[in-house]
Amino acid sequence: MVKNIAVIRGDGIGPEIVNETLKVLDKVAELYGHTFNYTDVDMGGCAIDKYGDPLPESELKKCVQSDSVLLGAVGGNKWNDVPGNMRPEKGLLRLRAGMGVYSNNRPAKIWPQLADASPLKKSIVEQGIDFIIVRELIGGIYFGEHKTEGDTATDVLKYNETEIERIGRIGFETAQKRNKKLCSVEKSNVLDSSRLWKKIMHKLAEEYPDVELSDMLVDNCAMQIVKNPAQFDVIVTENMFGDILSDEASMITGSIGMIPSSSLGASSRGLYEPIHGSAPDIAGKDIANPIGTILSAAMMLRFSFDMPNEADAVENAVSAYLDAGYRTADIMSEGMTRVGCKQCGALIIENIRKG
Ligand code: IPM
Ligand code: MG
């Protein structure tokens with residue numbers, strides 16, 4: 001198959017982790033007889049420096065015309081003082097909205113080889129951590145009106161039934177493919193938007209009788225994620241709650257550098273990115289962990305290109321690399337062999353086998 005991939009290297013460690021990932025994709029293409037064409041897209045701080053805009057229309061167009069988008073990371077202290085609507089992050093929000101990717105899928109899974117890296121007690125980790133946060137990505141407070149007038153600033157949190165229903169369906173369908181447990185997270189004791197959210201989730205539940213739906217308030221959920229993470233299978237929640245809970249969920253796995261994500265809308269074209277940031281402090285030093293991006297590319301193969309064997313081959317190679325005792329600095333522990341970003345990429349490539 002021939003696939004056209006828009007590649008956003010971005011800022012900080014973005015370029016180095018993306019480089020390793022493209023080498024992984026090239027190896028997959030070689031083994032399985034595919035052709036992956038890459039189109040470079042400027043977004044984030046580097047685009048502000050070049051065009052004075054974090055995502056010019058011409059760059060967004062390249063993404064919308066691709067078969068999928070692979071993104072490293074954007075942002076950094078250098079652009080902290082630019083106005084809100086010109087920040088690097090604004091490029092990312094425009095990209096998500098422009099691509100219509102309303103559903104963001106963030107797995108929180110503990111790698112058995114890294115169980116010791118979790119900050120949670122062993123007795124909790126042993127019960128298993130393997131759940132997915134389905135986060136609504138192009139609505140809510142992120143996309144409501146933002147304004148500052150005199151001494152008052154306002155951000156509007158708004159959802160309509162259609163927006164809630166389409167993300168709700170993704171939540172139910174994701175649960176159907178897993179352990180059939182969906183937890184809808186909101187703040188319905190305070191917010192109207194959450195009461196509407198809850199109502200729609202229960203209406204949808206009638207169409208998915210095989211899925212067990214539960215409700216949880218977001219503050220309680222933040223507590224339950226550290227108290228008893230094994231209770232969760234799929235969590236579905238609105239944009240900002242999902243942003244916050246997914247950082248918490250990644251931390252309990254002990255390895256934020258390992259976690260990929262996919263964002264999808266109505267078509268198979270997706271946006272794939274690791275959930276960590278651009279880490280400017282370690283940029284260019286060849287110490288970043290490229291695995292979050294490499295696993296994001298595996299998700300792209302699986303969910304956008306319908307290449308499950310190829311995706312398995314990449315994930316198995318990551319597992320074999322960990323089994324062999326190699327670790328980048330972020331997940332280094334006693335007795336393991338420390339490697340840099342490039343060597344990590346090369347070792348994973350060596351382990352890719354056609355299954
Ligand atoms: C994320 C990030 C973004 C978000 C920022 C960079 C705009 O935190 O992908 O979780 O808040 O969505
Ligand atoms: Mg976030």
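Five aromatic pairs are found when the whole structure is searched, the structure being a predicted model. One of them joins Phe 131 and Phe 232 in a tilted arrangement, with 5.6 Å from centre to centre and 50 degrees between the planes. This pair links distant parts of the chain, as the two residues are 101 residues apart. Phe 131 belongs to strand S5 (residues 130–136), while Phe 232 is in the loop between helix H8 (218–227) and strand S10 (234–237). Phe 131 and Phe 232 are both buried.

Another pair is formed by Tyr 159 and Trp 197, whose ring centres are 6.0 Å apart. Their planes stand at 65 degrees, so this pair is edge-to-face, the cut-off for that class being over 60 degrees. Tyr 159 is located in the loop between strand S7 (152–155) and helix H6 (161–176), and Trp 197 in helix H7 (residues 192–205), so the pair ties together parts 38 residues apart in sequence.

The domain assignment divides the protein chain into domain 1 (1–101 + 266–355) and domain 2 (119–252). Their C-alpha centres are 25 Å apart, and the contact takes six residues from domain 1 and seven residues from domain 2. About 600 Å² is buried between domain 1 and domain 2, with 73% of this area given by carbon and sulfur atoms. Of the area that domain 1 buries against domain 2, 64% is supplied by Leu 93, Arg 96 and Ile 275, more than by any other three residues. Zero salt bridges are counted between domain 1 and domain 2.

How values were computed:
Residues are numbered from 1 along each chain as its sequence is written. Chains are lettered from A and ligands numbered from 1 in the order in which they are written. This is a predicted model: local features need pLDDT of at least 70, side-chain atom pairs count only at pLDDT 80 or more; totals for chains, interfaces and linings use all residues. Side-chain values use heavy atoms; hydrogens and water are left out. Rings of Phe, Tyr and Trp (its six-membered ring) pair if their centres lie within 6.5 Å; planes under 30 degrees apart count as stacked, over 60 as edge-to-face and the rest as tilted. Helices (H or I, at least four residues) and strands (E, at least two) are DSSP runs, numbered from the N terminus. Buried means under 20% relative accessible area, exposed over 50%, partly exposed in between (1.4 Å probe, protein chains only). Domain bounds come from an automatic or database domain assignment. Contact means heavy atoms within 4.5 Å. Buried area is the accessible area (1.4 Å probe) that two parts lose on being put together, summed over both. A salt bridge is a side-chain nitrogen of Lys or Arg within 4 Å of a carboxyl oxygen of Asp or Glu.
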